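Let's take a friendly walk through a protein model together. Have a look at the sequence and the fold, and keep an eye on its helices.

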Amino acid sequence: MCGITGFWWQSGRTHSKALARTMAARIVHRGPDASGEWVDTDAGVARAHRRLAIIDLSPAGHQPMLSWDERFVLTYNGEIYNHPDLRSELESIGAVSDWRGHSDTETLVEAIAHWGIQGALERVHVYKETGGAGNGRDGRIVRVKRHFQTHRFGGRFTLSLKNSVGLVA
């Protein structure tokens, strides 16, 4: 499944997309179809994604993905089984009228933009890489296995141990 990595840093330090891109390159085995980076230097956070395209093979499913209103950015790994139903619901209430593509990532980021994170997570039925399922009806979502490393200036995160050594964020 897709690969996610990124880092955060203390204000006053500068980082570029180059470091995020390097981190993504180290997990190419997680997603050979595309790569993307998103950096917010004011907030001190960067995300990178390696894509294994399954549902929407077009560039419209590229990540990290911004919501239409650009309030949210999503980097995600998993599959939302009920995303066609969520799309229909978002359309019927007028929350989204024009989709960019057919990816479940777009469904999730627009659900978050409309219902908030908690409201969106309560509605999704997902599969995540840990092999567990989350059922939105009872609010239980299985945690994805993560690797975090922190130091006095910031830290980094990744889904792959292969990316957790040798780089300084």
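The buried residues of α2 pack against β6 (79-80) and α3, where contact means heavy atoms within 4.5 Å. This is a predicted model, in which local features need pLDDT of at least 70, side-chain atom pairs count only at pLDDT 80 or more, and totals for chains, interfaces and linings use all residues. Residues are numbered from 1 along each chain as its sequence is written, and side-chain values use heavy atoms, leaving out hydrogens and water.

Here are two helices with their buried residues. Buried means under 20% relative accessible area, exposed over 50%, and partly exposed in between (1.4 Å probe, protein chains only). Helices (H or I, at least four residues) and strands (E, at least two) are DSSP runs, numbered from the N terminus.

| Helix | Residues | Buried residues |
|---|---|---|
| α1 | 17-25 | L19, A20, M23 and A24 |
| α2 | 83-92 | H83, L86, R87 and L90 |

Just after α2, G94 takes a positive phi of about 80°.
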